[in-house]
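Hi,

Here is the model I promised to pass on.

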Amino acid sequence: MDGIYYDFHMHSCLSPCSSDDMTPNDLVGMAMLGGLNAIALTDHNSCRNVPAAAIAAERAGLIFVPGMELETSEAIHVVCLFREVAQAMAFSDEVYAALPPIKNRPEIYGNQLILNELDEEIGREEYLLVNSTAIGLYDVPPLCKQYGGIAILAHIDRHSNGVLGILGDITPDMGYHLAEVSQNASAADYAARFPFLHFISDSDSHDLLSIAEPSERNFLQGNFHSAADVVDSLEKLLFL
């Protein structure tokens, strides 16, 4: 196709702050019903539901991009997108090793459900995923590149866990060329402030009704057939 409507930032029931009905098949089905062509699953600090979501998306004919929302040591969120499931899973192992071994308390933080491609529970994540890792903000772009991925500053318009809310500025030496704004924010305003950045717009959905719907804000021009096509296209923006 010559372009895609996308949502590259959504959470499954593995993220404790997400609804338990954000199962791989349900989020894929809702994205399809809404008219999206491509999605990424970006749970907090883990990719353990990526394999199931990839299978569900393939069955539905939806382009699926393996991903993660990593929390840096500064408590800043970064969306990390990959070309292949295997790359995302290897990246996930490294991030997990940098996560503090603090056990989740589901009654306080919520469940962290690991599902298979049939939405059957096959496990629960023991350690609380919504914590800062030991990976610094400046270290994320080269680490993503090592695994064939790309790093995007998440929801920079939000105070909570956004780079501007925590550090107050974005500078080229941080190593980021892509940033995300929420769907109610003006990308043009941020582009004027940070001319070295390119912008995407996502939902950061934690429930089925919050998944993005097609609009000019979440449209990516190009010929796409796979996650590799998506990441390649985003990488090319770095050199424009």
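**What I found**

The protein chain exposes about 10000 Å², and carbon and sulfur atoms supply 52% of that area (accessible areas come from the Shrake-Rupley method with a 1.4 Å probe, and for residues only the protein chains shown count as cover). Before you read on: this is a predicted model, where local features need pLDDT of at least 70, side-chain atom pairs count only at pLDDT 80 or more, and totals for chains, interfaces and linings use all residues. Residues are numbered from 1 along each chain as its sequence is written, and side-chain values use heavy atoms, with hydrogens and water left out.

First, the overall picture. The protein chain has eight helices and 10 strands (DSSP runs numbered from the N terminus: H or I of at least four residues for helices, E of at least two for strands). Of the 240 residues, 53% are buried (under 20% relative accessible area; exposed is over 50%, partly exposed in between, with a 1.4 Å probe and protein chains only).

Now to strand β3, residues 63–71. Nine of its nine residues are buried, so β3 is largely enclosed by the rest of the structure. Both faces are covered: Ile63, Val65, Gly67, Glu69 and Glu71 lie on one side, with Phe64, Pro66, Met68 and Leu70 on the other.

What flanks it? β2 (residues 38–41) runs parallel to β3, joined by four bridges (strands pair if DSSP finds at least two bridges between them), and Leu41 stands opposite Pro66. Together with helix α2 (residues 50–60), these two strands make a right-handed β-α-β unit (with the strands pointing away from the viewer, the path from the first strand over the helix to the second runs clockwise). β4 (residues 77–82) is antiparallel to β3, with five bridges, and Leu70 stands opposite Val78. β3 and β4 form a hairpin with five residues between them, and Ala75 in the turn has a positive phi of about 70°.

Thr42 is buried, at 0% relative accessible area. Leaving aside neighbours within four places in sequence, its contacts (heavy atoms within 4.5 Å) include Gly67, Met68 and Glu69, as well as His9 and His11.

Cheers
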